Amino acid sequence: MAWRVPLSDLDYGEAEKDAALRVLASRWLTSGPEVQAFEAEFAAMVGVPQAVACSSATAGLHLAFLAVGVGPGDEVIQPALNFVAAANMTIACGARPVFADICALEEPTLDPGEVEGLITPRTKAVVAMHYGGNLCRMADLKRLCERRGIILIEDACHAVGARYGDGSGRGPEGLMAGAIGDLGTFSFFSNKNLATGEGGMVTTHGAELAERLRRLRSHGMTAPTWDRHRGHASSYGVVLHGYNYRLDELHAALGRAQLAKLAGNNGRRRSLLSRYGARIAGAAGAWRMPFAERICGSAGHLMVALAPDGAQREQAVRRLREAEIQSSLHYPCIADFEAFEAFRGARLAQTRRFVERAITLPLYPTMSPDSVDIVCDILLGR
Ligand SMILES: Cc1ncc(COP(=O)(O)O)c(C=O)c1O
């Protein structure tokens, strides 16, 4: 279906075309200098010494769990309001996902109080997902994890370019998403702020962790193909059991072109969010917008509105579809999926209320302010 206003759209042009042609002209397609440059540029943007590119964020989450030793018998506390990748990778490691609730309808990120109540001697890691590009309560989560020797992993797939600031003057003020926990994972899937089709990145401060991630990414091998191609190594050892989760040169070159546009594009996303916020706050009928007071540090990945109740949400979804405006839901509650029946535990009351009332609306950097007005008119039944 050709939508009048789609949910997301790429900002692709000459820079991405030039990047792709540069790789084709180089006659080197798999991991090499473009991947190394993308890793260095991404690490500089996040403010960490180490960034490890991989084939997707799902692969990145798997690598992150494996690198810190998540395994059978371990528990990983994570939000039930998330894309299913972190939960699936927890299970892929033989560990158990433990689902925690969100703070509030207007702050749909992991509730540190709830996390504290779910910690057991088997808790190995906590996954903090920065919903919509808005950072979790990282000061509290970091304190909680550090005190107990629990690994804190940021699922920063929505939050490329987001900056922490809760205004309290304490905690990791001013740090970027992916630089606060022990590891950060990012996605470059087509609808993300930095889009390459498929692709991901894992960030960390730890040199040893990064080395482990690099080896796990490529079959546990000690020397990458690029080094052998340049004559830096003629053979290789295998020091652990790894995977092929490498990124290739074409995707890395596209990523570099997109990274150069990131700050400008995130700024445009924030200004569109402010316009949405003004329209929703000014509307009678109690529609609300999560994180409306915190747009300035956000990556502005998603525009989510909360209906006064589930019935009004369904009516709005229907009106939008009839007007050829695409909408979505981020996300169904993971604990309610059939495959996660065995892992239902906490009540998740806020998550379930959120899922009933939330609607994701179009947002992308090339969207016009007029389109925001059109979407709001239909959403609010004008
Ligand atoms: C929050 C979150 N985590 C993980 C993923 C998985 O990313 P990928 O598609 O790159 O594997 C996504 C992608 O949709 C996501 O939005």
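The following questions and answers concern a predicted model.

Reader: Which two domains does the assignment give for the protein chain?
Author: The centres of the two domains, taken over C-alpha atoms, are separated by 25 Å. According to the domain assignment, the chain comprises domain 1 (14-258) and domain 2 (262-379).

Reader: How many residues of domain 2 are in contact with domain 1?
Author: On the side of domain 1, 35 residues take part in the contact. On the side of domain 2, the number is 30 residues.

Reader: Which element supplies the largest share of the side of domain 1 that touches domain 2?
Author: Strand S3 (96-100), strand S4 (102-104), strand S5 (107-110) and helix H5 (112-118) each supply at least two residues of that side. By class, the residues there divide into 20 nonpolar, nine polar and six charged. The largest share amounts to five residues, and it comes from S3.

Reader: How are H9 and H12 oriented to each other?
Author: Helix H9 spans residues 249-281 and helix H12 spans residues 369-379. Their axes come within 10 Å and cross at roughly 30°. Angles under 35 degrees count as roughly parallel. The two helices H9 and H12 are therefore roughly parallel.

Reader: How many charged residues does the contact of H9 with H12 have?
Author: The crossing of H9 and H12 is right-handed. H9 contributes Leu272, Arg275, Tyr276 and Arg279, while H12 contributes Pro369, Val372 and Cys376. By class, this contact holds five nonpolar residues and no polar ones, and the charged residues number two.

Reader: Which hand does the crossing of H2 and H9 have?
Author: Helix H2 (residues 33-46) packs against H9 at an angle of about 35°, with the axes 8 Å apart. As H2 passes H9, the crossing is left-handed.

Reader: How many nonpolar residues are in the contact of H2 with H9?
Author: From H2 come Glu34, Val35, Ala37, Phe38, Glu41, Phe42 and Met45. From H9 come Glu249, Ala252, Ala253, Gly255, Arg256 and Leu259. One residue of this contact is polar and four are charged, and the nonpolar residues number eight.

Reader: How are H3 and H7 oriented to each other?
Author: Helix H3 (residues 57-67) and helix H7 (residues 207-217) pack with their axes 9 Å apart, at an angle of about 125°. The range from 65 to 115 degrees counts as roughly perpendicular, and over 145 as roughly antiparallel. Helices H3 and H7 are therefore oblique.

Reader: Which residues of H7 make the contact with H3?
Author: H3 passes H7 in a right-handed crossing. On the H3 side, the contact is made by Leu63, Leu66 and Ala67. On the H7 side, it is made by Leu209, Arg212, Leu213, Leu216 and Arg217.

Reader: Which residues are the closest to the ligand?
Author: The ligand is surrounded by 13 residues. By class, this shell has six nonpolar, six polar and one charged. The closest are Ser56, Ala57, Thr58, Cys157 and Ser187.

Reader: What is the phi of Phe291?
Author: Most residues other than glycine have a negative phi. Phe291 is located in the loop between H9 and strand S10 (303-306). Although Phe291 is not a glycine, its phi is positive, at about 60°.

Conventions: Residues numbered from 1 in each chain as written. Predicted model: local features only at pLDDT ≥ 70, side-chain atom pairs only at ≥ 80, totals over all residues. Axes fitted to C-alpha atoms, helices over the stretch in contact; angles between N-to-C directions. Helix = DSSP H or I, 4+ residues; strand = E, 2+ residues; numbered from the N terminus. Left-handed = near helix turned anticlockwise from the far one by under 90°. Contact = placed C-beta atoms within 7 Å. Nonpolar A, V, L, I, M, F, W, Y, C, P; charged D, E, K, R; others polar. Near = placed C-beta within 6 Å. Domains from an automatic or database assignment.
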